[in-house]
Amino acid sequence: MIHPIPPGTRDVLPEEMRELRRLQGALLEVFEGRGYGEVATPALEYDEVLTRGGGRGDHAAYRFFDESGELLALRSEMTVPIARLAATRYGQVEPPHRFCYIAGAYRAVSPQRGEMREFLQAGVELIGAPAAAGTVEVIDVLEAALDAAGLGSAVIGLGDADLYRDLLSELGLAEEARDSALARLAAHDLVGLEEELEAAGVAGERVQSCLTLSQLRGGPEVLEQAREHEAAAVARASERLRDVNEALGSRAGGHRVQFDFGLMRDLDYYNGAILEVYDPAVGRVLGGGGRYDGLMKRFGLDLSAAGFALDLERVQVARVEERRRGGGDR
Amino acid sequence: MSEPLKLAVPRGALFGETLDILDAAGVDTSEPRGDSRSLIFETPQMTLVTMRPSDVPTYVEAGAADVGITGKDVLLEQSDRPVYELLDLGYGRCRMVLAGRVGSDRLGDSERSLGAMRIATKYPRIAERYFESTGRQIELIEVKGSVELAPLVGLGDGIVDLVATGRTLEENELEVREEIVECTARFVANRVAHKLRAAEIDELTEKLREASRG
């Protein structure tokens, strides 16, 4: 008898499970070794708690009423539940707080796209550590995690979440025009972005400058190249990235980091540094994260914070692919 | 990372001009121009993978091709596939339009008496979005082949379709009623390739930009 399961979910059989457990074990060892204690939170939360993380982006896709009429939702990621946990349970404890997790999350998928409705994330949250130092610690943990996962060729893209919000306001775009230009940037639709900016009356050379800026990515040299773009928002973002670069430079690692002035994350609680993880063996982004200094405040605890999450199934695919390509050692 | 860049090349209406612009950008296209039935061509500069235009976003999104060329109509219809749209190449210009039968007011009549127009199309998402954004209701009929046929035999009151010269419409006694959007060929890139093979992709983008202007 064949008994189906919903599309975007899957069973794991012993052989794969052993591999997955090994991967999880290696990651947990890295996280715990750096003082990040593992936590678990319920897969179900009050919808009101999850929407506090922000309206746009990757919010909960599955909601339902419980037996007493409360609106519940399945979490779509772990940062908001951990912010809730930290604010509730650690309000009186001296920061910083370091948490890690390996947990399932849930999101809506388009049919027949190979996307998972239920997926496994591994990540850390560092709460109460301000920019530069806190960001660099998170990047450090991420690099060690990628090493432990055997992803020798993975790259961390590092950008700034405030850059375009600020820059577009500086260019004089009203809120509506700004949001629609930001949506083009997030989709990386440069043709559409050019049209939007021109329609909003931005001068030709500033439009071109904005387009070039969004294509600026590479080693630390791009932090210097960004100086050509004369705008206060760009100067501020470069300054923040330079701080991170300096702090990164004072330690052994850092070889995985690529600076990227075109990076955008679709979760709206990010500010300052944002990051994404890529591997040449896989065409999709393996994970991401960044600073979310404003999020904790929404839960009544005014602490700066940063973290990342890796999609474990994609990491596993990248691992297998790198192995097939003959080892990822560098 | 010594593997050459993989470019998804659309067969069909865009094929010829795509090869022309690649030539101008310094890519050797003599092989795909021949009568070979192969789908993949190794040129000294990059690997050309030929496919249906509507498959280009699928290959590029998954990273099976690093970059690709396809029509804006395809990108609009598959806007849920996250690929980076880097360049308007300017050729393959055509219009997405709403068309009805010459001399007939079936579109208006259906809207008034039935509250919704019945629209046959190969582009259900573009059609749906367009009518939604203009506050009108439609009954959508998705067809795969020659959509001009539909209103002639009473399947739908009108069509939403891509028009280049307008000859096909004319021959089927159809006329443009509304223009929805203008479409041209676009250069797209995979998200990860765009980050990890930045130098190569930027170089190709610049060459294509030059070529599309020249």
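In chain B of this predicted model, residues 24 or more positions apart account for 66% of the contacts with a separation of 6 or more. The chain has 214 residues, and buried residues make up 39% of them. Its secondary structure comprises ten helices and eleven strands. Along the principal axes, the C-alpha atoms of chain B occupy a box of roughly 65 × 35 × 30 Å.

**Two domains in chain B**

The domain assignment divides chain B into two parts. Domain 1 is written as two segments, 6–92 and 184–213, while domain 2 covers 94–182. Taken over C-alpha atoms, the centres of domain 1 and domain 2 of chain B are separated by 30 Å. Four residues of domain 1 and seven residues of domain 2 take part in the contact between these domains of chain B. On the domain 1 side of that contact, one residue is nonpolar, one is polar and two are charged.

**The contact between chains A and B**

Which chain A elements give two or more residues to the side that touches chain B? The contact as a whole brings 19 residues of chain A together with 18 residues of chain B. The elements of chain A that give two or more residues to its side are listed below.

| Element of chain A | Residues |
|---|---|
| Strand S7 | 155–160 |
| Helix H7 | 190–199 |
| Strand S8 | 217–218 |
| Strand S9 | 257–260 |
| Strand S11 | 282–291 |

Strand S11 of chain A provides the largest share of this side, with four residues. By class, the chain A side consists of eight nonpolar, seven polar and four charged residues.

**A pair of helices in chain A**

Helix H5 of chain A spans residues 163–170, and helix H6 of chain A spans residues 175–187. Their axes come within 10 Å and cross at roughly 140°. Why are the two helices described as oblique rather than roughly antiparallel? Angles over 145 degrees count as roughly antiparallel, and the crossing angle is roughly 140°; H5(A) and H6(A) are therefore oblique to each other. The crossing of H5(A) and H6(A) is right-handed.

The residues that meet can be named on each helix. H5(A) contributes Tyr164(A), Arg165(A), Leu168(A) and Ser169(A). On the other helix, H6(A), the partners are Arg178(A), Ala181(A), Leu182(A) and Leu185(A). By class, the contact of H5(A) with H6(A) contains five nonpolar residues, one polar residue and two charged residues.

Terms used: Residues are numbered from 1 along each chain as its sequence is written. Chains are lettered from A and ligands numbered from 1 in the order in which they are written. This is a predicted model: local features need pLDDT of at least 70, side-chain atom pairs count only at pLDDT 80 or more; totals for chains, interfaces and linings use all residues. Domain bounds come from an automatic or database domain assignment. Two residues are in contact if their C-beta atoms, placed from the backbone, lie within 7 Å. Ala, Val, Leu, Ile, Met, Phe, Trp, Tyr, Cys and Pro count as nonpolar, Asp, Glu, Lys and Arg as charged, and the others, Gly among them, as polar. A residue is buried if 20 or more other C-beta atoms lie within 10 Å of its own, exposed if 12 or fewer, and partly exposed in between; C-beta atoms are placed from the backbone. Axes are lines fitted to C-alpha atoms, for helices over the stretch in contact, and angles run from 0 to 180 degrees between N-to-C directions. Angles under 35 degrees count as roughly parallel, over 145 as roughly antiparallel, 65 to 115 as roughly perpendicular and the rest as oblique. A crossing is left-handed if the near helix is turned anticlockwise from the far one by less than a right angle, and right-handed if clockwise.
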